[in-house]
Amino acid sequence: MWGMTQYKGVLYMDADTLAVGKIDELFSETYLGPMRARGSGIATARDVMHGRIQENFNMGVFLVVPNAAEYSRLLAVQKSDVKFEFRFAEQGFLNAVYRSFDQRQDLPFKFNANIAAFLTMKPFWDKEKADIRIVHYTDAPKPWACKPSMPIYSLCEWWIKAERETSGIAQSNAVAR
């Protein structure tokens, strides 16, 4: 992503995320400007674990300003003896690399609404729900395996609705050919 220098900014979204609102704000100067001024960096939302918002960030949704020098630096750091939690793969690595706040920018919860907050911090989730733009289905079950009896089913309905809408588009396009 850092090597995609033909773009002003690049947004990554995990396969278990879903845009449920407008996200164009992410490409505004509010987010891209500070990273561009630093010449590098990453914008991420903090992770939610154990019923609280963590200092580390979650990589389910992140924004970068592509920069060839930063890409080279990341490759060099990867080959060094950097210590990170391997069980979190790229999330562990990038949390180690972008540990300091001057290298990263916080994204509001609304851009990576981790369902762990729904399960463990319900009053916080309820307060933020109206403004959620991207929901992240971090905990099992994943939304494509949701059943009505599950506690997160109301959140899976967003996924189910999007799936219905997009499959209708896919079928319309197939008929049009």
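A: Start with the outward face of helix 2. Turned away from the buried side of helix 2, this face carries the exposed residues Ala-69 and Lys-79. Exposed means over 50% relative accessible area, buried under 20%, and partly exposed in between (1.4 Å probe, protein chains only). Helices are DSSP runs of H or I with at least four residues, strands are runs of E with at least two, and both are numbered from the N terminus.

This is a predicted model: local features need pLDDT of at least 70, side-chain atom pairs count only at pLDDT 80 or more, and totals for chains, interfaces and linings use all residues. Residues are numbered from 1 along each chain as its sequence is written, and side-chain values use heavy atoms, leaving out hydrogens and water.

Now the other face. Glu-70, Leu-74 and Val-77 are the buried residues of helix 2. They cover an arc of only 65° around the axis, so they sit on the same side of helix 2. The arc is taken from the directions that run from the helix axis to the C-beta atoms.

Next, the length. Helix 2 covers residues 68-79, which is 12 residues. At 1.5 Å a residue, helix 2 should span 16 Å; its end C-alpha atoms are 17 Å apart, which agrees. The expected span is 1.5 Å times one less than the number of residues.

Last, the N-terminal end. Asn-67 caps helix 2 there. A side-chain oxygen of Asn-67 lies 2.9 Å from the backbone nitrogen of Ala-69. Ala-69 is also one of the exposed residues on the outward face.

Conventions:
Polar contact = N/O pair within 3.5 Å; in protein donor to acceptor, adjacent residues only side chain to side chain.
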